[in-house]
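I opened the model today to look up a few things. My notes follow in the order I took them.

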Amino acid sequence: MSQLSTLQDTLKSLRFGETANNLPALLEKAEKDNVTYAAFLMDILSYEQKKREEKQIEKRLKWATFPYYKTLEQFDLNEQQSMSKKEFNKLKELLWIEQLYNIILLGPPGVGKTHLAVGLGIQAIHQGYKVIFTSMGELIHTLKTEEITRKSQTRMKRIRKADLVVIDDLMFMAINQDEANLFFHLINDLYNTSSIILTSNKAPKEWGELLGDPAITTAILDRIMHRAEIIHLNGDSYRMKHRTSIFGAKTASN
Ligand code: ADP
Ligand code: MG
């Protein structure tokens, strides 16, 4: 066995798989650049580290299950007059995740609630946080089937371990008492460990009607609102303003 393949096997058994695969190129570069032993060792370690980080981010982006991939950079603040540049930057800094703050994004359809939530989620993953995106409908379903299917069990485990849980379109559906109870227990579990982003096109005072039980609703709202920033997004639907016409030219809604 050649020295190279022995080295590669050893690296692999030490779980340096990325370095093992790229070893010929790394060695060649070191010889060409005539680097010191210490510099070479550093190159190897930082290569492995960088690759692991990339893989970690890739995995977390997959687990997050965003409905689409849109970043904060793609969010046009000029289109969303109800948020200042300062507020936007403050959100982007993600200090609120450290402080276990929740973010409530309210507003009619098409104003950018989901886009902002996804953008913040992607940003958070790149900063090393674990993020899960779910809709209220999916969440209730997963909670109800947690004891029944492996898939839901895995998903709930990830949700409970996440640093940030996005619950999109809260109250899009009416839920019954049992479901409200399950939801309450989850919010209670997340209360001291994670941040939540909620999006809704209904004001919190209307949430009660959809959750049914006023006592549970109060308990849920208490926990969510204890440390929360409420952001009202309004204006015309971005989709309507920017919709393309089948006749070619873009049409404006007003
Ligand atoms: P909703 O508020 O209903 O969740 P979305 O966030 O899904 O709406 O926005 C609808 C569409 O409009 C998305 O494709 C989103 O990327 C786009 N959009 C909305 N607001 C903005 C904005 N300020 N800048 C860029 N794209 C936007
Ligand atoms: Mg949405």
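Is threonine 114 buried or exposed? I note that this is a predicted model. The relative accessible area of threonine 114 comes out at 18%. The cut-off for buried is under 20%, so I put threonine 114 down as buried.

**Threonine 114 and its surroundings**

I placed threonine 114 next. The residue sits in helix α6, which covers residues 113-126. Which residues does threonine 114 contact, leaving aside its neighbours within four places in sequence? I found Pro67, Tyr68, Phe133 and Asp168. I followed two of these into strands. Asp168 belongs to strand β3, residues 164-168.

I also checked threonine 114 against threonine 149. The two are 35 residues apart in sequence. Their C-alpha atoms are 28 Å apart in space.

**Strand β3**

How many of the residues of β3 are buried? I count 5 of 5, and I describe the strand as mostly covered.

I then went through the strand face by face. In a regular strand the side chains alternate between the two faces of the sheet. On one side of β3 I have Leu164, Val166 and Asp168. On the other I have Val165 and Ile167. Both faces are covered, with all of these residues buried.

Isoleucine 132 stands opposite valine 165 of β3.

**The whole chain**

I stepped back to the chain. I list 12 helices and 5 strands. The radius of gyration is 23 Å, well over the 18 Å that the globule rule gives for 254 residues, so I record the chain as more spread out than a compact globule. The C-alpha trace spans about 70 × 50 × 35 Å along its principal axes.

Buried residues make up 40% of the 254 residues. Of the contacts with a separation of 6 or more, 75% are between residues 24 or more positions apart.

I finished with surface and charge. The accessible surface is about 15100 Å², and 53% of it belongs to carbon and sulfur atoms. I have 34 positive and 31 negative side chains. The centres of the two sets lie 2 Å apart.

Terms used: Residues are numbered from 1 along each chain as its sequence is written. Chains are lettered from A and ligands numbered from 1 in the order in which they are written. This is a predicted model: local features need pLDDT of at least 70, side-chain atom pairs count only at pLDDT 80 or more; totals for chains, interfaces and linings use all residues. Side-chain values use heavy atoms; hydrogens and water are left out. Buried means under 20% relative accessible area, exposed over 50%, partly exposed in between (1.4 Å probe, protein chains only). Helices (H or I, at least four residues) and strands (E, at least two) are DSSP runs, numbered from the N terminus. Two strands pair if DSSP finds at least two bridges between them. The radius of gyration is taken over C-alpha atoms; the globule rule is 2.2 Å times the number of residues to the power 0.38. Contact means heavy atoms within 4.5 Å. Accessible areas come from the Shrake-Rupley method with a 1.4 Å probe; for residues, only the protein chains shown count as cover. Lys and Arg count as positive and Asp and Glu as negative; His and the chain ends are not counted. The place of a charge is taken as NZ of Lys, CZ of Arg, CG of Asp or CD of Glu.
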